[in-house]
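Student: Could we go through this model together, starting with its pockets and then moving on to the sheet?

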Amino acid sequence: MTSISTRLSTIGFDADDTLWQNEQFFRMTERHFAELLADHGEQEQLMSRLLEAEKRNLGTYGFGIKGFTLSMIETAIEVTEGRVPASVIEKILAAGREMLSHPIETLPHVHDTLEALAGRYRLVLITKGDLFDQERKLAQSGLGDFFDAVEIVSDKSRPTYERIFARHGDGPDRAMMVGNSLKSDVVPAIEAGSWGVYIPHDLTWAYEHVDEPTAAERFRKLPHLGELSELLKGLG
């Protein structure tokens, strides 16, 4: 059988919690949010209400910190029955601004892996979220030069991968998507005909949780990104 590394022409990479830390800042802010509203419910209850608001608002605000901040404000209004003090709203807005300015922390093995693969494959960054924030994080990460293209999308689905891998490569069947989210990075890429490589992160948003597609021929799971080069050498 022909080695995958001779068949592949394009590799897509997720950004948040695949290349750099992201979810930990949401978790920290969620806890701060619950502390601000501690008089109106237990932490678990408040975070559950916030998650409901986030899911409900995805179609309106999309993914990212700005939508998250608006969902915190909406939840604060709901749980206080409209009596949330302006000072609490001010603190929620400040927390959102702090998230938008937090320094970028790249994950282990990222730089070395991208450096090893750049030039051998077309590397495409495929991320969802707020345009300005994702551009900021990419610029601060120092990883931009490794990528042949950057796609910041509103959501990740089978048509998303079909379109991107046709635009920046030779179609989904000669492409691979690497990421920490089964729901966004792996399953829809496999549905499009690509390889899907799952690299778990210690923290993954509850919305992104689905079962591993273990029966799919093109599904692979790696403990960390540093194993990707060996997978490309040996898989076939």
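Tutor: Before we start, a pocket here is an open set of grid points with protein on both sides within 12 Å along at least five of seven lines, and a lining residue has an atom within 4 Å of a point. Keep in mind that this is a predicted model.

Student: Okay, which residues line the second largest pocket?

Tutor: Its lining consists of Phe25, Met28, Thr29, His32, Ala95, Glu98, Met99 and His102, and helix H2 (23–36) and helix H5 (86–100) are the elements that give two or more residues to that lining. H2 gives the most, with four residues.

Student: And how does that lining divide by residue type?

Tutor: It divides into four nonpolar, three polar and one charged, around a space of about 150 Å³.

Student: What's the volume of the largest pocket?

Tutor: The largest pocket has about 180 Å³, and its lining, which includes Asp17, His201 and His224, divides into six nonpolar, four polar and two charged residues.

Student: Switching to the sheet, what's the strand order?

Tutor: The six strands run in the order S3-S2-S1-S4-S5-S6 in an open sheet with parallel pairing, where strand S3 (149–153) and strand S6 (219–221) are the edge strands, each pairing on one side only. The twist averages 20 degrees from one strand to the next.

Student: How many bridges join S2 and S3?

Tutor: Strand S2 (residues 122–128) pairs with S3 over five bridges, and threonine 127 has isoleucine 152 in S3 as its bridge partner. Helix H7 (residues 131–141) packs on the sheet there, touching S2 and S3, with its direction at about 145 degrees to that of S3.

Technical notes: Residues are numbered from 1 along each chain as its sequence is written. This is a predicted model: local features need pLDDT of at least 70, side-chain atom pairs count only at pLDDT 80 or more; totals for chains, interfaces and linings use all residues. Side-chain values use heavy atoms; hydrogens and water are left out. On a 1 Å grid over the protein atoms alone, a cavity is a set of points where a 1.4 Å probe fits but cannot get out, and a pocket is an open set with protein on both sides within 12 Å along at least five of seven lines; lining residues have an atom within 4 Å of a point. Grid points are joined across faces, edges and corners, and a volume is the space filled by probe spheres set on the points. Ala, Val, Leu, Ile, Met, Phe, Trp, Tyr, Cys and Pro count as nonpolar, Asp, Glu, Lys and Arg as charged, and the others, Gly among them, as polar. Two strands pair if DSSP finds at least two bridges between them. Axes are lines fitted to C-alpha atoms, for helices over the stretch in contact, and angles run from 0 to 180 degrees between N-to-C directions. Contact means heavy atoms within 4.5 Å.
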